Amino acid sequence: MSDAEWAVVRDLLPVPGWLSGRGGRPEGYCHRQMIDAVRYLVDNGIKWRAMPADFPPWPRVYAFFARWRDTGLVTELHDRLREAVRAGEGRSAEPSAGVVDSQSVTADATVTFGSRGFDAGKKINGRKRHLLTDTLGLLLAVLVTPASVTDRDGARSLLPAAAGSFRRLARVWADGGYTGHLTDWTSQHLGLVLDIVRRSEDVRGFQALPRR
C-alpha cells in the first residue's frame, strides 16, 4: 500500500491487546506488512506457500488472515471502505439500488466434484460467482456455486442476505437471465423491485445498456 492508502486503512483496524494495555504477546509483524502480503496473494493468485521471501512467513500471514476472516473483520473493513468511497461520491453510505449478475469460470482439476458443475449456456465446467454491486460497481454481496446453478436460483440465495444487510436497498437491475418467477418472488418476499434490462434484438455485437 502507498502511504496515503495506509493512512486510510490504519484507523479502521483493531488495536492489538498488547498495545492497548490488555496484555498478550507483542506481534512480530506490523499490520501493514500482513495486509500487503494478503493483497499480493489475491492479486497474483498464488498459493500461500508461494509467498515471496520479502513478506512475513506464509504460515504467519495465513493465521493473521484466517483470524480476521473468522471474526468478520475482513468484511467489516471492506464495508467501511465502500461507505467511504460512496461518501466521497456524494452518495449515502448505504445503497438504495444495485445490479446483479453472474460469471461462470472454469475450475481447476483439483476442485472437488461436489462444488463444480456444467453451465450449458456458457459451455463451462466449473463454478459460478453471483455478484451484487451498487450503481458505482462496488461489491455488496457475493455467492459462489457450481456453474450448473442458474442465475435465478443463485439470486434466490444472494438477494435475501443482501436485503437483510442493506435496509435501504429497494431496486435491483438484472439482465434477461433473471426473468420469470424471480421478479414476483423478490417483490413478494423481499420487497425489492427486480428490473430486467433487456437487450434489443435489432442490435448485433456489443451494446452498452443502462444499469448493466
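1. Ala, Val, Leu, Ile, Met, Phe, Trp, Tyr, Cys and Pro count as nonpolar; Asp, Glu, Lys and Arg count as charged; the others, Gly among them, count as polar. On that basis, the lining of the largest pocket has 18 nonpolar, four polar and six charged residues. Keep in mind that this is a predicted model.

2. Now the pocket itself. Its volume is about 850 Å³. In total, 28 residues line the largest pocket. Nearest its centre lie Val74, Thr75, Leu77, His78 and Leu81.

3. Which elements give two or more residues to the lining of the largest pocket? They are α1 (3-10), α2 (31-44), α3 (58-70), α4 (73-88), β4 and α5. The largest share comes from α4, with seven residues.

4. Next, the cores. In soluble globular proteins, nonpolar side chains tend to be buried together. Here the largest nonpolar core has 19 residues. Those with the most contacts inside this core are Val100, Leu132, Leu169, Val172, Tyr178 and Leu194.

5. Two or more residues come from each of β4 (139-146), α5 (151-165), β5 (171-174), α6 (181-190) and β6 (193-196). Of these, α5 gives the most, with five residues.

6. Take Val100 as an example. Which residues is Val100 in contact with, leaving aside its neighbours within four places in sequence? The list is Leu131, Leu132, Leu158, Val172, Trp173, Ala174 and Tyr178.

Methods. Residues numbered from 1 in each chain as written. Predicted model: local features only at pLDDT ≥ 70, side-chain atom pairs only at ≥ 80, totals over all residues. Heavy atoms only, no water. Core = buried A, V, L, I, M, F, W, Y, C linked by side-chain atoms within 4.5 Å. Buried < 20%, exposed > 50% of the residue type's maximum accessible area, 1.4 Å probe, protein only. Helix = DSSP H or I, 4+ residues; strand = E, 2+ residues; numbered from the N terminus. Contact = heavy atoms within 4.5 Å. 1 Å grid on protein atoms, 1.4 Å probe; cavity = no way out; pocket = protein on both sides within 12 Å on 5 of 7 lines; lining within 4 Å. Points joined across faces, edges and corners; volume = space filled by probe spheres on them.
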